[in-house]
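Student: I am new to this structure and would like to be guided through it. May we begin with its surface and then turn to the interior?

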Amino acid sequence: MRRKMFRAFFVVFVIACSVTFSFQAIAAGTDKSSPVTTVEKKKSKKKSFPGQENLLDINTATSGQLKALPGLNDEDIKKIIAGRPYARKNQLKQKNIISASTYDGIKSAIVAKKAPK
């Protein structure tokens with residue numbers, strides 16, 4: 001009698017574990033997708049950096065957009081526009097376009113995107 005109960009319990013346990021693991025695999029999205037879809041997903045992930053959509057591109061920004069940045073005066077804006085294009089945003093400080101303190105105040109709000117070829 002004990003042997004039959006043990007077997008029955010074991011079978012129920014194995015079935016319960018199998019069902020649980022099956023549902024976890026489905027919920028985790030482990031379905032086999034085509035390589036093209038996987039590559040497209042990776043590309044889309046690379047394009048979106050947190051907050052990058054709201055950054056001001058110093059290579060394409062107008063003088064009005066640059067005026068909205070804190071600490072920039074008209075002379076700084078003229079220098080930024082005259083020194084374009086920039087490969088990196090820290091070139092504003094390296095090339096003495098703006099002061100280090102002004103750069104520290106705006107560096108979180110700007111980006112230097114490369115021009116499309």
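Tutor: The model is a predicted one. On its surface, Phe6, Phe9, Phe10, Val11, Phe13, Val14, Ile15 and Val19 form a nonpolar patch, with about 810 Å² of accessible area together.

Student: Is Ile15 buried or exposed?

Tutor: Ile15 lies in helix α1, which spans residues 2-27, and belongs to the nonpolar surface patch. Exposed means a relative accessible area over 50%. Ile15 has 51%, and therefore counts as exposed.

Student: Is Thr102 buried or exposed?

Tutor: Thr102 sits in helix α6, residues 100-106. Beyond its neighbours within four places in sequence, Thr102 is in contact with Gly71 and Leu72. The limit for a buried residue is under 20% relative accessible area. Because its value is 14%, Thr102 is buried.

Student: Which side chain of opposite charge is nearest to Asp76?

Tutor: Asp76 belongs to helix α4, residues 74-82. Its contacts, neighbours within four places in sequence left aside, are Gly71, Ile97 and Ile98. A salt bridge requires a distance within 4 Å. Asp76 is buried and has no salt bridge; at 4.9 Å, the nearest side chain of opposite charge is that of Lys79.

Student: What percentage of the residues of the chain count as buried?

Tutor: The chain has 6 helices and 2 strands, in the order α-α-β-α-α-α-α-β from the N terminus. It exposes about 9,400 Å², of which carbon and sulfur atoms supply 61%. Of its 117 residues, the share that counts as buried is 19%.

Key: Residues numbered from 1 in each chain as written. Predicted model: local features only at pLDDT ≥ 70, side-chain atom pairs only at ≥ 80, totals over all residues. Heavy atoms only, no water. Helix = DSSP H or I, 4+ residues; strand = E, 2+ residues; numbered from the N terminus. Buried < 20%, exposed > 50% of the residue type's maximum accessible area, 1.4 Å probe, protein only. Lys, Arg positive; Asp, Glu negative; His and termini not counted. Contact = heavy atoms within 4.5 Å. Patch = residues over 30% accessible without salt bridge, like charges linked within 9 Å, V, L, I, M, F, W, Y side chains within 5 Å. Areas by Shrake-Rupley, 256 points an atom, 1.4 Å probe, with all protein chains shown as cover.
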